[in-house]
Amino acid sequence: MSSQKLIARCVLAFVALDVLFNPLVMVAFLGLFRVEQAHAAAFVLPLLVLAKVAANSAFLSAELGVYGRATSRNGSPGEELLVSADRALQALPRRFGIFYATSWSVTYALAFLSVYYFVPGTLGPRSFDAAGMLVAAVWFGGFAFGFPLVTMLTTNASSGLSIDARARGIALDRDPVGLQWRIGVVALALGLGPTLWMMALGYMKEVQAAADQRGTLSALAVSALAENPASEGPAVARLAEEFRRAHEPLGVQRASLVVTDAALRPLTPVPELDPATLARDWLKTAVQRGTAGTWSPRDRDVSVSFRRLDAQRVAVALVQTPEGASSSFVLSAGVFALIVALWAPLCAVILGRAVSAPIERLTRAAREIVEEGKQSEMAALPVARNDEVGVLTERFNDLLDLMRDLGTAADAIAKGDLRVQIHGKGELPDAFRGMLASLRGMVHQISETSVELGSAATEIFAASQEQEAAAASQSSAMEEISRTMDSLSQSAAHVSEAVRGVLSNAERTLENTDAMVRRISELSTHAGRIAEILEVIREIADKSDLLALNGSLEANRAGEQGHGFALVAGEMRRLAERVTASVQDVKRLVSDIRESGSTTVMATEESRRLAQGTTEAARQITFVTQQQRSGTEQVSQSVKGIADVVTQAVSATAQTRTSAERLKTQADRLTDLVRRFETAAERAA
Amino acid sequence: MPAVEPALKFVVVGLAPAALALPAARVLHVVAERDFEGQALDLRALGAAQADAGGHVLLVGRAGDPVALHVCGGIALLTARASEVLPLPDVVSRPAWLSHVIAPRGLPSVFVLDLARLAASRSAGCPWAAHAVHPEI
C-alpha cells in the first residue's frame, strides 16, 4: 500500500470520526454549560474543529513520511529505511492515539475558554471544574477511538513490510507488546472517557440542583416575609433567623429579609448581607417585569427572591447555602471513576488474557516445533472453548498430528523401511508420497548402479595394475635414457674442451702466419730496394760503357796517340760489361728471391686461409658442440621430466588402483546400504 | 818483312745478321737515348736484335752539324782488316743506303751504313724517318 493512500485513508477515517462525533460533543458541551448565547461559540467551535482536523492530518503525514520513502517507486528500500518505516508504523497507534486524544482535549479546552471570554457570566468556577472533567473525558475518548482505529488502518501496511523484510532476510525491530495490555489500555480509555463525561454531567447537575434548591428556599423565605409583613426591623430580623433555623438541615447558612419600596430603597432595617444591594441589577429588571421572581446563579452561594407586596412595597429575601456539588457526590463519583479506572483495564486484561493465553500456547508450541523440532514429544494443546481461538487450537492439533505422522514416516524411511504408507490430504502428504516414490526409484537405481560400479571398479583395478607395471618399466627405461644422455653430455663437454685447444692452436698459427707474411713483405720490400740499387749500378755501368765507348771512339780518332787510351777504354768497357752482367745476375737473384717471397706469401696466405678455416671450423665445432651439449642437457632434462612424469604416472596409477579398491569397497558398502531399504516389491518378492 | 794490312774500326749496333756497322771514325759520340733531346733518324728497326738492349743515339757526320741516328741494340767496336770490308754493288747499296759489307774470312756478316751519302744528302730521301727523341725525366 502506498503511503499517500494510507495517509488518505487515515485522514478520511478521522475526519469522518470528527464529523460524526464533534457535533454531538458540541451540543452536549453547550447543553452542559447552558450556553444560551451560542452564536459566538458556534462561530469559534467549528474553527477549532477544523484546526484539529488539520493538525491530525499534518501529524499523520509527518509520522508516515518514512513509510512513504520506504514504499516509494525508487527501487527496493534499504534495510535501515525498512526498519525505520516499520518502527514508525508500530509506534503510530500509540503516538497518534495520544496526539488525537490531546487534540480533542485542547479543542474543547479552547472552546470552553472562548465561551468564557466571549459569553461573560455564563461560566463560573464550577464550570471550570466540569470543564476539566470534560477535557479529561474527551482525551480518554479520543484515545479510545484513535488507538484501535489507527492500529486497524495500519495493519495491512505493517503486514506488507513484514513480508518484504522476511523475503529479504531483514529482522524487524518490534517490541513484544502483549495483546491483553493493548486491550487493557483501550478498555481504560473506553471506561474513563464516558465515566468522566458522566461525572462532569452529574457534577453540573448537582451544582444546578443546589442552585435550584437555594432558589426555592429563597422563594420560601420571601413567601414567609410576605405572609407576615412587618415594618419593624427586629421582627423582620427575627423572621429571617427563624427561617434560617427552620431550614438549616437543608444547608441554609444565612437568611436575610428586607422590605423595600418600588425603587428598592429599604423600608426595614438593612441586614448584614443586603439582598437589594447584592442583586440590585437583577432586581431592577425583575421588579419592572413581574410581581415575583428568583435569582439563583450556579456559581454563587446565594439566591435572591422578591415578591411585590403592593404597589409601594417589595419583599426581598436572600438565602445562603454552600455552593457546588455535595461532597457525597464528589466522593461517590471519584470512587466510581477510580473503580472504572481499575476495573475496566483489569477486566480487559483478564479477557485479553483469556484470548492471548491460548495464542501464547500456540506460539510457544510453534516455536518449539520450529526451533527445537519437538513435535513428536509434544502433547495435544487443550481446547477450552469453541471460539476462534479454540478452532485455531483444534487446527493446530490436527497439523501437529499430521507432522507427527510425517515424522514417524520419515524415521521409518531413515531406518530403511520404504514400505511406510503416508496418509492424509494436502500438499505436504502428497510431497512426502512423491518423495517416497522417488526414493524407492532412486534406491533401485542406486542398487543397480552400485553393482555396475563394483564391476567397473574391479576392471579399473585390473587395468591400473597393468598400467602401473607398464609405467614402472617405462620409468626404468627413462632412467636408462637419462643416464645415457648424461654420458653424452659429458662427452660433448670433452669434445668442447678439445676443440677449444684446437681453436687456440689455430689462432696461434694464424698469428704466426701473419707475422711471417709481414716478414716476407719486408723481405720483398728489401729486395725491391736492392733492385733499385742494382738499377742504379746498371745505369752507372751503362754510362761507364758508353763513356768507355766514346773514349774508344775518341782514341780511335786520335790514332796512335790514342792507342793506350783505347786499351784503357776497352778495359773499362769490359769492366762495365762485367758489372752489367753481374748486375743482371744479381737482379735475377733478387727477382728469384721476390718470386720466392711471392710464392711464400701465397703459400702463407693459403696457410693463413687454412688457419682461418681451421679457426672458423673449430669455432663452429665449439658452437655445434655447445649446441649439442645444450641440446643433450635439454634432452636430459626432458628425459628427467618424462621420468618424473612417468614416476608420477606410476604413483597416480597406484593411487588409481588404491582408489579403485576403495571404490570397490564403497560400491560393496553402497550395495549393502541399499539392501537395508526394504521396498514393498522386495517384500512381496 | 811483310806489309801490314791496315785495319778498319767500326761501330756495330746489334747482332748479326741484323747488325749494322758504322765507320768508327765517323761516329762522333754515342749518347743514351734517355739523355738525348732532338730530332733523330729512326733506325731501331735495323738493329733490334736484342730485345733487352737499350736504345742509343749515335751522332755522326761533321762535328758542328752531326746527324743523329736512333738505334736499338748492343753497341760494340769491331776491328776488321781492309780486305774483309767489301764494297757493295750499286744495285744493292743504293736503295738500302749501305756502302760495304764486312765479311770476315770471306763470310759477309755485317752491312756498313753509307754514312758518306747520308752526310752528303743530309738524310734527304733516306728510308728512315726522323722523329723526336725526348730525354727521360
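Analyst: A:Gly132 has its place in helix H5 of chain A. Helices (H or I, at least four residues) and strands (E, at least two) are DSSP runs, numbered from the N terminus. The model is a predicted one, in which local features need pLDDT of at least 70 and side-chain atom pairs count only at pLDDT 80 or more, while totals for chains, interfaces and linings use all residues. Residues are numbered from 1 along each chain as its sequence is written, and chains are lettered from A and ligands numbered from 1 in the order in which they are written.

A:Gly132 counts as partly exposed because 15 other C-beta atoms lie within 10 Å. The scale behind this word uses C-beta atoms placed from the backbone: a residue with 20 or more others within 10 Å of its own is buried, one with 12 or fewer is exposed, and one in between is partly exposed. A:Ala200 is 68 residues away from A:Gly132 in sequence, and their C-alpha atoms are 8.3 Å apart in space.

The next step is the pair of helices H5(A) and H7(A). Their axes come within 7 Å and cross at roughly 160°. Such axes are lines fitted to C-alpha atoms, for helices over the stretch in contact, and the angles run from 0 to 180 degrees between N-to-C directions. The angle makes H5(A) roughly antiparallel to H7(A); the word covers angles over 145 degrees, whereas those under 35 are roughly parallel, 65 to 115 roughly perpendicular and the rest oblique. H5(A) and H7(A) make a left-handed crossing, the term for a near helix turned anticlockwise from the far one by less than a right angle, with clockwise giving right-handed. The residues in the contact of H5(A) with H7(A) are 21 nonpolar, two polar and two charged. In this count Ala, Val, Leu, Ile, Met, Phe, Trp, Tyr, Cys and Pro are nonpolar, Asp, Glu, Lys and Arg are charged, and the others, Gly among them, are polar.

The largest one has 71 residues, and the members that touch the most others are A:Met133, A:Leu134, A:Ala137, A:Phe140, A:Ala189, A:Leu196 and A:Ala200. Helices that each supply at least two residues of this core include H1 (3-32), H4 (79-118), H5 (125-153), H7 (179-227) and H11 of chain A. H7(A) gives the largest share, 17 residues. Leaving aside neighbours within four places in sequence, A:Leu134 is in contact with A:Phe29, A:Tyr108, A:Trp197 and A:Ala200; two residues are in contact if their C-beta atoms, placed from the backbone, lie within 7 Å. A second, separate core has 45 residues, including B:Ala19, B:Val30, B:Val67 and B:Leu113.

Another helix pair in chain A can be set beside the one above. Helix H11 (residues 327-372) packs with helix H12 (residues 388-414) at an angle of about 15°, their axes 10 Å apart. The angle makes H11(A) roughly parallel to H12(A). H11(A) contributes A:Val355, A:Pro358, A:Ile359 and A:Leu362 to the contact, and H12(A) contributes A:Val389, A:Leu392, A:Thr393 and A:Phe396. Seven of the residues in this contact are nonpolar, one is polar and none is charged.

Chain A as a whole has 15 helices and four strands. Of its 685 residues, 28% are buried. Chain B has two helices and eleven strands, and 34% of its 137 residues count as buried. Between the chains, eight residues of chain A are in contact with ten residues of chain B. The chain A side of that contact has three nonpolar, three polar and two charged residues.

A:Leu264 is not a glycine, yet has a positive phi of about 65°; A:Leu264 sits in the loop between strand S1 (254-260) and helix H9 (275-278) of chain A. B:Arg105, also not a glycine, has a positive phi of about 55°. B:Arg105 lies in the loop between strand S9 (98-102) and strand S10 (110-113) of chain B, and is classed as exposed because it has 6 C-beta neighbours inside 10 Å.

Conventions. A nonpolar core is a set of buried Ala, Val, Leu, Ile, Met, Phe, Trp, Tyr and Cys residues joined through C-beta atoms within 7 Å.
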